[in-house]
Amino acid sequence: MNNQIDTNIDRAVQLLKDELIVAIPTETVYGLAGNAYSEKAIKSIYSAKGRPVFNPLIVHIQSIKELDKIAINIPESAIKLANHFWPGALTLVLEKQDHISDLVTAGKSTVAVRVPNHQKTLELLGNLDFPLVAPSANKSNHISPTKAIHVQKSLGNNVPYILDGGECQKGLESTIIGFDDKDILLYRLGSISKEEIETFIGKTLKTVSNNKAPESPGMLKKHYSPNTPLVLTSNIAEELKSHPNQKIGLICIGENTFDESATIVKSLSIKKDLEEAASNLYNYMHELDELNLDLIVVEKMPEKGLGKTINDRLKRASER
Ligand code: TXA
Ligand code: MG
């Protein structure tokens, strides 16, 4: 019997206390969690994912009250953002406490931290006396998991237990924000839109470019990739015409009018709602990736709100 996927929180608590790793649900994507204070657990996370050690992890805490244990010199705007958006899909990069391991931060003096918004995982954190580090629970560079089964397919026996919390409600990773003397920095677009943060804080976020040494490897060019080649296009009809005799999976937004030209068509949101589109994106990418297609064609989203995050992920997924 396969009991790798289950809903038993006590079992997750026990494994984590034993310094083993467990996949956990969050509102964004599933995370591969381990005790943030255990070198053994952290090393297992990197090796299970095949993740390069220069890519630091996010620390997950149960409430803002624990932030002081993780970070120091916390700017006022960070506290304001945390109070407003936590529990939620906003990750803050802050100066780290001395005791936070270099394995967590990849040797940086800063640490990424958030309070996830998922009842099961909050309950789990409430039963532990340590925070959890958790990168997305997929093989490095692949599509993030939004269902327990995606974790199992990607990591197999590398993860002893997957705590099932249903389908992730948001479906895209958290937005990552940092701070310097003058500015609020945007390290990674995510499932809270840049505009929503800017409106709340009354300030424009400064996008940190990822040209040479990416500050946040979620910004690495090739990332979030399916095995099937993927192209992003603003002109579906043209794109489909230029690949005759190929088995094509199409992911679009709005009414689907392309049934005849593609093998399978998925609309991210019939009513063109970008939040709904975001929550379906990875799930559809996982689904189409299983069908042995020659190509996945995806329609570019409008460059606003979560459309920007979706386009960002798709651009990276289309890098070969
Ligand atoms: O929604 C999420 O953020 C999910 C769930 C599980 O919480 N986690 C996630 O983790 O997406 P991961 O490891 O796939 O992405 C974490 C990102 C990486 O791009 C990493 O480079 C960045 O966070 N990061 C971590 N620490 C950082 C730091 N000190 N400075 C800049 N970026 C950092
Ligand atoms: Mg990831």
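1. A disulfide here is a pair of cysteine sulfur atoms within 2.5 Å. By that test, searching the whole structure turns up 0 disulfides. Cys-168 is buried at 3% relative accessible area, and Cys-252 is buried at 1%.

2. Some housekeeping before you go on. This is a predicted model, where local features need pLDDT of at least 70 and side-chain atom pairs count only at pLDDT 80 or more, while totals for chains, interfaces and linings use all residues. Residues are numbered from 1 along each chain as its sequence is written, chains are lettered from A and ligands numbered from 1 in the order in which they are written, and side-chain values use heavy atoms, with hydrogens and water left out.

3. What does β14 pair with? Strands count as paired if DSSP finds at least two bridges between them. β14 pairs with β16 (residues 295-299) in the parallel sense over 4 bridges, and with β15 (residues 264-267), also in the parallel sense, over 4 bridges.

4. On to charges. Side chains of opposite charge can pair when their charged atoms come close. With a salt bridge taken as a side-chain nitrogen of Lys or Arg within 4 Å of a carboxyl oxygen of Asp or Glu, the whole structure has 12 salt bridges. Glu-173, Asp-312, Arg-313 and Arg-316 are linked in a network of them.

5. One pair sits within a helix. Lys-43 forms a salt bridge with Glu-39, and their closest N and O atoms are 4.0 Å apart. Both residues lie in α2 (residues 39-49), 4 residues apart, which is about one turn of the helix. Glu-39 is partly exposed, at 46% relative accessible area.

6. Glu-290 and Lys-153 form another salt bridge, with the closest N and O atoms 3.3 Å apart. This pair links distant parts of the chain, 137 residues apart: Glu-290 is in the loop between α10 (274-289) and β16, and Lys-153 is in α7 (residues 148-155). Glu-290 counts as partly exposed at 49% relative accessibility, and Lys-153 counts as exposed at 53%.

7. Lys-206 and Asp-183 make a salt bridge too, the closest N and O atoms being 3.8 Å apart. Here the distant parts of the chain are 23 residues apart, with Lys-206 in β12 (residues 206-207) and Asp-183 in the loop between β10 (175-179) and β11 (184-188). Lys-206 is partly exposed at 41% relative accessible area, whereas Asp-183 is buried at 18%.

8. Lastly, the backbone. A cis peptide bond joins Trp-86 and Pro-87, with omega about -5 degrees; Pro-87 is in the loop between α4 (76-85) and β6 (90-96). Which residues other than glycine have a positive phi? Among them is Lys-272, with phi near 60 degrees, in the loop between β15 and α10 and exposed at 57% relative accessibility. Glu-19 is also not a glycine and has a positive phi of about 65 degrees. Glu-19 sits in the loop between α1 (9-17) and β2 (22-24) and counts as partly exposed at 32%.

How values were computed
Buried < 20%, exposed > 50% of the residue type's maximum accessible area, 1.4 Å probe, protein only. Helix = DSSP H or I, 4+ residues; strand = E, 2+ residues; numbered from the N terminus.
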